[in-house]
Amino acid sequence: MYEMIVIITAMDKEYNLIREWLAKANVKNTALLKTGVGKVNAASGLSDFLSSVTSDVVTRVISVGCAGAAVASLKPGNVIIGNSYCYHDVYCGEPNANGQIQGMPAVFPSDFSWIDMDERFRLGTIATGDKFVTTREQVLAIKDFLPNSYNVCAIDMESAALAQVCYKKGIGFTSIRVISDNPLEPSQTEQYAGFWDNLAEKAFNVVCKLLEK
């Protein structure tokens, strides 16, 4: 049976780096999709794509992009592998957990069994919301809102929405995030700008080497 892996990015910069690698590596049976930033763009973009292909042809969805750090030890260029995904801007009332969509799991699962983990990668929960988080206070508020057991290490705007679509479709999902900045530090703005100027290509090369496997 024909099988397809879908790689998803949100922004042009991420898309162009992955597209260049796909062309050079001559990768087969892989689709590259750019959805736009945010939960609705991500979920609708993936849902539309899945509706356009034959049922069950997509065996894995891999989201590749950037995230802000949620722990002090992470630096721009570090690579995070999501081992679960949650929302940081959702509250549906008791008995739902903070961040839990009613009728959905408190955290969405991740299928990262295909990754050979080493010191280049860190596992942790990725928290998603429709907000570009830029300050220490915002990060601490998110971590205070969510249970400590989640081990939130990165914050983005797409991963949990994509994970929810894949959960409902029964498709394996993995989000790989390169840290672009750490809002826990006062230099967040400079870090983000410097990441794209100096670190992005090298960091995404690490991700592409991972995807080759």
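**Exercise 1.** Find how many residues line the largest cavity, and which of them lie nearest its centre.

*Solution.* Begin with the term: on a 1 Å grid over the protein atoms alone, a cavity is a set of points where a 1.4 Å probe fits but cannot get out, and lining residues have an atom within 4 Å of a point. By this rule 13 residues line the largest cavity, and Thr9, Ala10, Ser63, Glu158 and Arg177 lie nearest its centre. Next, sort the lining by element (strands are DSSP runs of E, at least two residues, numbered from the N terminus): strand 1 (4-9) and strand 3 (58-69) are the elements that give two or more residues, and strand 3 gives the most, with four.

The model is predicted, so that local features need pLDDT of at least 70 and side-chain atom pairs count only at pLDDT 80 or more, while totals for chains, interfaces and linings use all residues. Residues are numbered from 1 along each chain as its sequence is written, and side-chain values use heavy atoms, with hydrogens and water left out.

**Exercise 2.** Determine the volume of the largest pocket and describe its lining.

*Solution.* A pocket is an open set of points with protein on both sides within 12 Å along at least five of seven lines, and a volume is the space filled by probe spheres set on the points, which are joined across faces, edges and corners. The largest pocket has a volume of about 260 Å³. Its lining comprises 20 residues, with Cys66, Ala67, Phe132, Asp156 and Met157 closest to the centre. Strand 3, strand 7 (152-156) and strand 8 (172-181) each give two or more residues to this lining.
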